[in-house]
Amino acid sequence: MIQVAIPGHGEIRLQYLVLDYNGTLAVDGILVPGVKRALTDLADKLEIHVLTADTFGQAAKGLEGIPCRLTILSDGNQDEGKRDFVRDLGADRTCCMGNGRNDCLMLAASALGIAVILEEGASTKTLTSADVVCTNIVAALALLQNPLRLKATLRY
């Protein structure tokens, strides 16, 4: 579990991390360098889930050896599917990271939503649904390892 008290925001207690794959953890289906180590380190504190449409068909291969659960979504209403997955886990104990339009509902529903902008870009709907925006996935994951960074960003 990760917890941090944020003045004006309240206390965040995280048990789960839910991530998109393409555009968030990977570029063109290839995992971004440094992600495997960052996720492996976080797995001691959080239960990690990856939800993806798997556009490039590389998610399972890219996540090999990483302690996480992979769910490949079917076409249609992926935004609602991701949101419902987060709600079923416990949205108030979940951090979500994503970039695509189908990630905006899960970011908005979660206790902490982080939008990531890599080479693929990010949907403006997702950016406005996020609590924090990062231009580097490894830096975004490091926010969870160093929760005082979140405090500095989110305090009122």
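Me: How many salt bridges does the count come to by this rule?

Reply: In this predicted model, the count comes to seven salt bridges.

Me: Why is the contact of Lys 82 with Asp 20 called a salt bridge?

Reply: The rule asks for a side-chain nitrogen of Lys or Arg within 4 Å of a carboxyl oxygen of Asp or Glu. The closest N and O atoms of Lys 82 and Asp 20 are 3.1 Å apart, and therefore the pair qualifies. The two residues are 62 residues apart and link distant parts of the chain, with Lys 82 in helix α3 (residues 78-89) and Asp 20 in the loop between β3 (16-19) and β4 (26-27). Lys 82 and Asp 20 are also linked with Asp 103 in a network of salt bridges.

Me: How do you know whether Lys 82 is buried or exposed, and what of Asp 20?

Reply: Buried means under 20% relative accessible area. Lys 82 has 0%, so Lys 82 is buried, and Asp 20, at 5%, therefore counts as buried as well.

Me: What makes Arg 83 and Asp 84 a salt bridge, and why is each called buried or partly exposed?

Reply: Their side chains meet at 3.2 Å, N to O, which is within 4 Å, so the pair counts as a salt bridge. Arg 83, at 18% relative accessibility, is under 20% and therefore buried, whereas Asp 84, at 33%, lies between the 20% and 50% limits and so is partly exposed.

Technical notes. Residues numbered from 1 in each chain as written. Predicted model: local features only at pLDDT ≥ 70, side-chain atom pairs only at ≥ 80, totals over all residues. Heavy atoms only, no water. Helix = DSSP H or I, 4+ residues; strand = E, 2+ residues; numbered from the N terminus. Buried < 20%, exposed > 50% of the residue type's maximum accessible area, 1.4 Å probe, protein only.
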